[in-house]
Amino acid sequence: MIKKLKENKFLVFVVLIYIGLFAINGEKAALSVKNSGYYIKEMLTIMPVVFLLTALIDTWIPQETIMDYLGDESGLKGSFISIFLGSISAGPIYAAFPVCKTLIKKGASISNIVVILSSWAVIKIPMLANEAKFLSPRFMAVRWVLTTIGIIIMGYIVSKMVKKEDIPMGGEKVEDGKVLIKEEYCIGCGVCVKLAPEYFKIENNKAIVMDNDDYIGKKANVIKAEEKCPTKAIEIGRVRGSKVDICKEIIEEG
Ligand code: SF4
């Protein structure tokens with residue numbers, strides 16, 4: 001019971017606020033419950049479609065394609081594709097979060113995700129048509145250009161402050177002192193095999209670890225492979241200290 005409450009602490013917090021609200025002002029609290037009910041109903045109608053869309057992206061769009069068009073190396077091309085994707089998307093912004101998480105999982109960069117989310121929120125195409133009608137085409141065009149520039153700059157700044165490792169992805173956890181290859185991220189490029197042929201090999205277009213019983217996190221080549229893996233598919237479970245500590249140990253070892 002306590003465990004369940006801990007797992008759902010945000011929900012518990014909201015329920016407590018409602019209880020407090022009912023004690024202070026029953027009428028406003030009832031109105032608030034009614035509004036929440038409306039949004040929950042809206043979410044229940046939208047989210048199944050969103051989950052279907054994420055499953056389709058996950059299954060049908062190859063990781064290489066996402067990385068090529070939306071990945072870290074996609075540059076301005078990636079920014080413009082992200083603006084386009086965000087602008088043509090329909091539905092409320094909360095529908096964008098699961099889609100964006102799937103895109104990150106498949107190799108999209110943080111900056112492009114910021115651009116997609118921001119475009120989704122503020123520069124949808126039907127909204128632009130209404131803006132031009134009510135506030136003039138000139139107003140709409142100037143706002144669109146400045147917003148687009150602002151969104152791209154914001155994406156760059158966020159990508160410097162938030163890393164992919166900061167985003168919870170779920171899935172397998174790596175044990176201390178072992179190396180895990182997240183199969184769903186691996187594109188079989190072979191960079192890890194080139195850098196640490198004593199640990200990695202490619203099988204069925206995916207990298208695998210040959211011997212995981214060693215204190216592998218200490219080995220310089222594996223750390224290099226982890227750093228150079230283009231999709232961040234390699235994770236090292238470190239036994240002692242941070243990566244910096246381990247690198248120091250390696251330097252000391254010569
Ligand atoms: S470098 Fe990364 S993506 Fe490439 S084969 Fe190795 S684990 Fe897979």
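**Notebook: helix contacts and ligand shell**

I began with helices α3 and α6, whose crossing is right-handed. I note here that the model is predicted.

I then looked up the geometry of this pair. The axes of α3 (residues 26-60) and α6 (residues 96-105) come within 9 Å, and they cross at roughly 10°.

From α3 I wrote down V50, F51, L53, T54, I57 and D58; they meet P98, V99, T102 and L103 of α6. Sorted by class, the contact of α3 with α6 has seven nonpolar residues, two polar ones and one charged one.

I stayed with α3 for a check on A55, which has its place in that helix. Is A55 buried or exposed? I counted 12 other C-beta atoms within 10 Å of A55. A residue with 12 or fewer counts as exposed, so A55 is exposed. I also took the distance from A55 to V99: their C-alpha atoms are separated by 9.1 Å, and the two residues are 44 apart along the chain. V99 is one of the α6 residues in the contact with α3.

The second pair I looked up was α8 and α9. Helix α8 covers residues 125-135 and helix α9 covers residues 137-161. Their axes come within 6 Å and cross at roughly 135°. That angle makes α8 oblique to α9. For the contact itself, I recorded L128, E131, A132 and L135 on the α8 side, and P137, F139, M140 and W144 on the α9 side. By class this contact has seven nonpolar residues, no polar residues and one charged residue.

I turned to the ligand. Which residues come nearest to the ligand? Of the 14 residues around the ligand, I found C186, C189, C192, A207 and C229 to come nearest. The shell around the ligand has 11 nonpolar residues and three polar ones, and I found no charged residue in that shell.

Last, I noted values for the chain as a whole. I counted 12 helices and four strands in its secondary structure. The chain has 254 residues, and buried residues make up 21% of them. I also checked how far apart in sequence the contacting residues are. Taking contacts between residues at least 6 apart in sequence, I found that 69% join residues at least 24 apart.

Notes:
Residues are numbered from 1 along each chain as its sequence is written. This is a predicted model: local features need pLDDT of at least 70, side-chain atom pairs count only at pLDDT 80 or more; totals for chains, interfaces and linings use all residues. Axes are lines fitted to C-alpha atoms, for helices over the stretch in contact, and angles run from 0 to 180 degrees between N-to-C directions. Helices (H or I, at least four residues) and strands (E, at least two) are DSSP runs, numbered from the N terminus. A crossing is left-handed if the near helix is turned anticlockwise from the far one by less than a right angle, and right-handed if clockwise. Two residues are in contact if their C-beta atoms, placed from the backbone, lie within 7 Å. Ala, Val, Leu, Ile, Met, Phe, Trp, Tyr, Cys and Pro count as nonpolar, Asp, Glu, Lys and Arg as charged, and the others, Gly among them, as polar. A residue is buried if 20 or more other C-beta atoms lie within 10 Å of its own, exposed if 12 or fewer, and partly exposed in between; C-beta atoms are placed from the backbone. A residue is near a molecule or strand if its C-beta atom, placed from the backbone, lies within 6 Å of it. Angles under 35 degrees count as roughly parallel, over 145 as roughly antiparallel, 65 to 115 as roughly perpendicular and the rest as oblique.
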